[in-house]
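Work through the exercises below with the sequence and the structure at hand. Try each task before reading its solution.

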Amino acid sequence: MRNTYVVMKRELLAYFSTPVAYVFLVIFLAAIGAFTFFLGGFFARGQADLQPFFMFHPWLYLFLIPAIGMRLWSEERKTGTIELLMTLPLSTFNAVAGKFLAAWVFTALALALTFPIWITVNYLGDPDNGVIAAGYIGSWLMAGAFLSLVACLSALTKNQVVAFVIGSAVSFIFLTSGLDIVLSAFRFWAPDFVVEVIASLSFLTNFQAVSRGVIDLREVIFFVSMILVTLFINTAIIDLKKSG
Amino acid sequence: MDVSGLLEVHNLTKKFGPLTAVDDVSFTVAQGEVVGFLGPNGAGKSTTMKMIAGFLTPTAGRVQVCGHDVVEKPIEIKTCIGYLPEGAPLYGDMTAKALLNFVAEIRGFRGAERRRRIDDVVAKVNLEEALFRPIETLSKGFKRRVGLAQAMLHDPELLVLDEPTDGLDPNQKHEVRELLRGMAADKAIIISTHILEEVDAVCTRAMIIARGKILFDGTPEELRAGAEGAESLDDVFRAITTGAVVDEGGVEKSA
């Protein structure tokens, strides 16, 4: 546990010692603002809630989460520092969890910095803040699931661009696996229960319920187990690469 | 367990696909020994060191460090080894001080103990003036010294240093050699090098590796005596690794 924390601290500082953190935060906040007010019709709807705000989170995460997750392992491979890290007395899972947590805490910071939107909606009307809190928690859990996927994929390559592109593509598949764009590829040959399972893995379906303010234990369990499973796969990939 | 063998390597083999990088290598290193790994590029020196440090898993064979098996007890052996990887890879965005703090914390040193160890090792490798600069802005010599410092921080019983003097100027090379000599008595040290006089200067034992096999294992003096008519260690090295007859370079003979 202690080592996980030490790795997390180092990784988190690494974000802020390069322009990555600042560029990400500015783009994220600008994009989420523009989407909410223009595409989402925040004012035109005349409703005091953050539905048009949360609606765009999955689609922004599709590109922005791979941008913060792509460096986690591929940079270590590229610069060779993975050899330094993995010959220190810490378990592979400690390193994997530490890196993931650093990026996840960073997304929490990005989400926290959207507070002006929350203030705006409270100033203009009388929203249900419980629903908004549920939306934030759901969004953060979903971000974690995307992140663990991208971290896992970045362990496979030493090229950050490859990690980014594959990360976005795989994130897209998981995001939309409840929609016909993915399901139609399976429907004609796979048995029904397989199609059902794939559909149930959809981030979008799982997030939509949460963003409407219904925190169902099922969705929480879905995202948390998604994160844990991918972190274990990530650990296995790192260990597997040791045997060359 | 044989107490004298801090490091025991038994029938170690590493294959990368069809390529055999290390081929059935066995040797033992005891406390007080400074072993120089010599060999052409691609001979398997670094691969052997990576397996000893627990970064690569052997295809076959065993490595024991401080009485623990490297594959079975990865954490235990890593507390016992100080390792400088090839090219001294370091987190470029951190300062030397921050990196040493990070390594010290992972190694479980806190508070005053951490400060004492870092001050101690920084003084040993003369790193004071570079301590608060980002590593990516440091010269090659300073980077190498940061790498050495992180390897020595926990006063390990076994030091595995892959080309510790690469990129250093002659004065710095001399300092590092002095440092290694000073530590040699109560440790086992393995260094890899291309520089043959380094073997003469610091090593009590030389091992020549080529094509994944150990071709020579003995004292530097024996190495020198090994090839008749050889003018320098360079000639001996060429004779052993290429099978060439001295003075008639290039003639192939099975080694």
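**Exercise 1: two domains of chain B**

Domain 1 of chain B and domain 2 of chain B bury about 1200 Å² between them, and carbon and sulfur atoms give 73% of this. Buried area is the accessible area (1.4 Å probe) that two parts lose on being put together, summed over both. The model is a predicted one, in which local features need pLDDT of at least 70, side-chain atom pairs count only at pLDDT 80 or more, and totals for chains, interfaces and linings use all residues. Residues are numbered from 1 along each chain as its sequence is written, chains are lettered from A and ligands numbered from 1 in the order in which they are written, and side-chain values use heavy atoms, with hydrogens and water left out.

Task: describe the side of domain 1 of chain B that touches domain 2 of chain B.

Solution.

1. Start with the bounds: domain 1 of chain B is 5–92 + 157–217 and domain 2 is 219–255, as given by an automatic or database domain assignment.
2. Count the residues in contact (heavy atoms within 4.5 Å): domain 1 of chain B supplies 15 and domain 2 of chain B supplies 11.
3. Find the residues of domain 1 of chain B that lose the most area: they are Leu196(B), Asp200(B) and Phe216(B), together 44% of what that side buries.
4. Look for salt bridges, each a side-chain nitrogen of Lys or Arg within 4 Å of a carboxyl oxygen of Asp or Glu. The count between the two domains is zero.
5. List the elements that give two or more residues to this side: helix H7 (196–202), strand E9 (205–210) and strand E10 (213–218) of chain B. Helices (H or I, at least four residues) and strands (E, at least two) are DSSP runs, numbered from the N terminus. The largest share, four residues, comes from E9(B).

**Exercise 2: chain B against chain A**

Task: how much area do chain B and chain A bury between them, and how many salt bridges are counted there?

Solution.

1. The area buried is about 2500 Å², 63% of it on carbon and sulfur atoms.
2. Each chain has 26 residues in the contact.
3. On chain B, Phe55(B), Tyr91(B) and Ile106(B) supply 28% of the area buried against chain A, more than any other three residues.
4. Three salt bridges are counted between the chains. Among salt bridges in the model is that of Glu83(A) and Lys50(B), at 3.4 Å, N to O.
5. The elements giving two or more residues on the chain B side are strand E1 (5–16), helix H2 (74–80) and helix H3 (96–106). H3(B) gives the most, with five residues.

**Exercise 3: one threonine**

Task: is Thr87(A) buried or exposed, and which residues of chain B is Thr87(A) in contact with?

Solution.

1. Thr87(A) lies in the loop between helix H6 (81–86) and helix H7 (92–112) of chain A.
2. Its relative accessible area is 6%, so Thr87(A) is buried. Buried means under 20% relative accessible area, exposed over 50%, and partly exposed in between (1.4 Å probe, protein chains only).
3. A polar atom of the Thr87(A) side chain is 2.6 Å from the backbone oxygen of Glu83(A), and the side chain of Thr87(A) reaches the backbone oxygen of Leu84(A) at 3.2 Å.
4. Apart from neighbours within four places in sequence, Thr87(A) is in contact with Ala53(B), Phe55(B), Lys78(B), Tyr83(B) and Arg107(B).

Notes:
Polar contact = N/O pair within 3.5 Å; in protein donor to acceptor, adjacent residues only side chain to side chain.
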